[in-house]
Amino acid sequence: QVQLVESGGGLVQPGGSLRLSCAASGSIVDVYDMTWHRQAPGKQRELVASVSRGGRTNYADSVKGRFTISRDNAKNTVYLQMNSLKPEDTAVYYCYAEVRAVVDIRRRDYWGQGTQVTVSS
């Protein structure tokens with residue numbers, strides 16, 4: 001069984017910073033792409049940033065220059081450093097990972113439970 005556990009959300013003022021973490025645990029053989037998504041009330045879930053196992057990153061235009069995604073392969077953990085936060089960044093943030101577990105022949109998709117980020121004065 002593989003689980004993704006997120007942490008680091010909360011309430012922050014505009015212009016502030018937060019750092020999200022997401023750790024994959026369980027009987028894992030390898031972790032491939034890891035991503036952060038977010039979903040604001042009344043909106044569809046959107047991709048925020050992604051990082052490949054080799055460290056290649058991609059960002060949504062709305063967060064470029066403000067957010068940084070990184071990962072620690074030894075800890076099976078992905079991070080999202082969020083700076084210069086805006087009220088429109090308010091959403092539930094979800095992490096995703098493509099994982100091959102010990103009991104599986106193929107890779108499977110796993111999602112975290114979500115963590116709330118609220119940007120407000």
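Author: Strand β7, residues 67–72, has a covered face made of Phe-67, Ile-69 and Arg-71, and an uncovered face made of Thr-68, Ser-70 and Asp-72. In a regular strand the side chains alternate between the two faces of the sheet. Strands here are DSSP runs of E with at least two residues, numbered from the N terminus. The model is a predicted one, in which local features need pLDDT of at least 70 and side-chain atom pairs count only at pLDDT 80 or more, while totals for chains, interfaces and linings use all residues. Residues are numbered from 1 along each chain as its sequence is written, and side-chain values use heavy atoms, with hydrogens and water left out.

The partner of β7 is strand β8 (residues 77–82), which runs antiparallel to β7 and is joined to it by 6 bridges; two strands count as paired if DSSP finds at least two bridges between them. Within this pair Phe-67 stands opposite Met-82, and in the hairpin, which has 4 residues between the strands, Asn-76 takes a positive phi near 50 degrees.

Both strands belong to an open sheet of 4 strands in the order β1-β3-β8-β7, with antiparallel pairing. Its edge strands are β1 (2–7) and β7, each of which pairs on one side only.

Arg-66 lies in the loop between β6 (57–59) and β7. Arg-66 is buried, with a relative accessible area of 10%, where buried means under 20%, exposed over 50% and partly exposed in between, for a 1.4 Å probe and protein chains only. The side chains of Arg-66 and Asp-89 are joined by a polar contact of 2.7 Å, that is, a pair of N or O atoms within 3.5 Å of which, within protein, one must be able to donate a hydrogen and the other to accept it, residues adjacent in sequence counting only if both atoms are side-chain atoms. Beyond four places in sequence, Arg-66 touches residues including Gln-81, Met-82 and Asp-89, contact meaning heavy atoms within 4.5 Å.

Phe-67 and Met-82 are also among the residues with the most contacts inside the largest nonpolar core, which has 32 residues; such a core is a set of buried Ala, Val, Leu, Ile, Met, Phe, Trp, Tyr and Cys residues joined through side-chain atoms within 4.5 Å. The largest share of this core, 6 residues, comes from β9.
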